[in-house]
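I opened this notebook to record what I looked up in one structure. The entries are grouped by topic.

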Amino acid sequence: MTQPLLSIDDLHKSYGSEEVLEGVGLEMEQGDVTVLIGPSGSGKSTLLRCVNRLTEINSGRIALDGQDVTGTDTDVNELRKQVGMVFQDFNLFAHLTALENVTLGPKKVLGMDAADAEEAGRTHLEQVGLLEQADSYPAELSGGQKQRVGIARALAMDPELLLFDEPTSALDPELVGEVVEVMRDLAAEGITMLVVSHEMDFARSAASDIVFLDDGEIVEHGPPEQLFQNPTAERTEQFLSRLHAHEETA
Amino acid sequence: MSTAESTTSPNPGLRDRVGTVFTVRPLTVGLALFWVWVLARWTTDFVLAGVLGLDRGTPFVPAAPFLTTADTVASLAAPLGVAGAPLVWLADTLRFAADATAYLPALAHGIWTTVLLTVFSVCLGFTLALPLSVVRVYGGRWARWLALSYTELIRGTPLLAQLFVLYFATSLTQVLRGVPGVGVGFVPAQAFWVAVISFTLNSAAYQSEYLRASLESVDGGQLTAARAIGLSKLEGIRYVVVPQGLRLALPSWTNELVYLIKYSSLASFITVQELYGRTSTIANETYQYTELFVLVAILYLALVVSASALMDRVESHTATAGVGHTRQ
C-alpha cells in the first residue's frame, strides 16, 4: 500500500469556546485534486490553514509524505517550502514586480542565485500566461492577473501540494475564467491540489474528489459525479440546491 | 496637484510647462547657487587655504563696493525726504549685503557643523529606530513595553534637557575627550559628539514612531504570504514589510530631517559652534543682531528647502505603484 501524500486524522480546532473543526479526517494521494465545499463558517479555510500551519491545531494529526506536520519540533519553514498557498485576496508583495514576487521565495528560501531564479520565474509566469507582465507591479494588474501571479509564486517553490483558499471569490465574474483555466491546467499536469472553492465548473471538470464540510465535520466525500448527482446526505443535497439556485440567478 | 484640478485644467501640458518655468526653476537655481557657494567656501577654507597657505575665511566678494554704493544711494535719498524711502531701503539692503559678505565665511563653517550634526544624528537615529519600530510592532510583550518606555521617555522630555543631562551630568564628555582623534584636524571636538549622541537618541524615538505607524499600515496579508512561501517571520519583516513601510514613512521622515536641521541649533548651548552658535557668537561681539539673525534665518531656510527637495527626489525615485501615495 502506498503512503498518502497528505493524511489528516481526527483534526480538532477551536477559536476560544467555538469549535471550528470537530474531528476531520482526509487523505490525498499524489496528483489528487480535492475540492472542499461547504457553507461559510464551516471550517474550510481553517482546515486549509492547518495544513501549512498558518493556524495551529488543538488535537489530531496531519502528515505530509509521512512526516508529522504539527509536531513542536517540525520546522514550519521547511514544511512551507513543500506546501504552496494561493490566497483569496492574492496578497502579492505590493512593492515587488510580478517577476520579483515569483522569485523572492526561490532566492531567499531555496537559496537559488538570482539568474536561475529569474529564469525559472519567467517559466512560471509563462505557465500562467503572464510573461509580458513580468515587470508590472501588482497595482498595475487586474484581479485575475494578480491571482495568476499568486499561483506562479506558489509554483515557483516547486511544492508537493498546493493549497487554494477561495482563489476566485474576490474576482469580478468575468475574470474568474482565466484563473480557473490555469488551475485546470495545473490539475491536468498532475499537481496535487487542495482547493476551497465554490467554482462548480472547476469542481466538475478538474476535481478527483469533492469534500462537503458542514459545521466542522466532513458530511460527505466522493468523486464529483457521485457527490453532485447522487448526494447521500440530506445536508449535502440542500447545500447543492442552494448553490445551483445561486448559480442560475448569478 | 489633486485629480480634480488636473481634470478640470483645460490644458494640463501647458500648465505643467508654465509651472516648471515660473515656480520650479528659480528655486532650483537658487538652491544650486547656495550650494555652489557653500561648497566653494568649504573647499577654499578647509582644503585650498591649507595647501596654498592662504588666510581662511577671506570673503569671496569685498564689502567696499556695497558700502560706497549704499552711501551714494543714501546721499541721493537725503534731499527727497519721505519720497526717498525706497532709496533708503535700497541703501539699507546694500549695507546688509556688505555686512553679509563679511560674516558669510564664518557662517559657512557653521553650516558645515550643522550639516554634519544633522546627517550623523538622523542616520544613526535611523539605525536605532528601525529595530525599535520592529520591536514595537512585532516584539513580545516585554520587548514592546521596553521600546515603548524608551520612546515615551524621550518624547516626553525636552531635547535641551536631554542634551544637558548628557553633557553636564554624565562623564560622557570626559570619555569622549579621551578617544584618540577627537578634536584633531577635521574631527570635531567632544561637545559635538555629545550632541550627536543626544540627537541620535532623541531622533531614534521620533523616527521609530513614524516607522511604527508605517509598519502597522502594511496589510497583514503581506506577512502571511511571506510566511506561506517559507520565509521566517524576521525574513518576512525584512524583505516584505519593512521595504513597504519605509516607502510609507518617507514623508514623515522628511519632517524629522527638517526638524533636526533646526533643533541641532540647541547644540550651541553646549558650546558647539554650529550655524546658530556661530551667528550668536558674532552677534554678541558686533551687536548686529538683526542683520545676523535675518542672515542665519535665510541660511536655515536654504538648508531646509534643500533637504525637502532632496527627499522629494528620493520619494519619486522610490515610488512604486500601489505602495503609499503615488503622485499624479
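The entries below cover conventions, a sheet, salt bridges and a surface patch.

**Conventions.** I note that this is a predicted model, in which local features need pLDDT of at least 70, side-chain atom pairs count only at pLDDT 80 or more, and totals for chains, interfaces and linings use all residues. Residues are numbered from 1 along each chain as its sequence is written, chains are lettered from A and ligands numbered from 1 in the order in which they are written, and side-chain values use heavy atoms, with hydrogens and water left out.

**Sheet in chain A.** I took helices (H or I, at least four residues) and strands (E, at least two) as DSSP runs, numbered from the N terminus. Two strands pair if DSSP finds at least two bridges between them. I found an open sheet of six strands in chain A, with mixed pairing and the order β6-β7-β8-β3-β9-β10. Its edge strands are β6 (83–86) and β10 (217–222), each of which pairs on one side only. I then looked at β9 (residues 209–214) of chain A, which pairs with β10(A) in the antiparallel sense over five bridges. I210(A) has G222(A) in β10(A) as its bridge partner.

**Salt bridges.** I counted a salt bridge where a side-chain nitrogen of Lys or Arg is within 4 Å of a carboxyl oxygen of Asp or Glu. For accessibility, buried means under 20% relative accessible area, exposed over 50%, and partly exposed in between (1.4 Å probe, protein chains only).

I looked up R53(A) and E56(A), which form a salt bridge with closest N and O atoms 3.2 Å apart. R53(A) is buried at 11% relative accessible area, whereas E56(A) is partly exposed at 39%.

In chain B, E216(B) forms a salt bridge with R212(B), and their closest N and O atoms are 3.0 Å apart. Both lie in helix α8 (residues 190–217) of chain B, four residues apart, about one turn of the helix. Salt bridges that share partners join R136(B), E152(B), R155(B), E209(B), R212(B) and E216(B) into one network.

**Surface patch.** Patches are made of residues with over 30% relative accessible area and no salt bridge; like charges are joined within 9 Å and nonpolar side chains (Val, Leu, Ile, Met, Phe, Trp, Tyr) within 5 Å. I recorded a nonpolar surface patch of V47(B), L48(B), V51(B), L52(B) and L54(B), with about 470 Å² of accessible area together. Accessible areas come from the Shrake-Rupley method with a 1.4 Å probe; for residues, only the protein chains shown count as cover. L54(B) lies in the loop between α2 (12–52) and α3 (64–77) of chain B.
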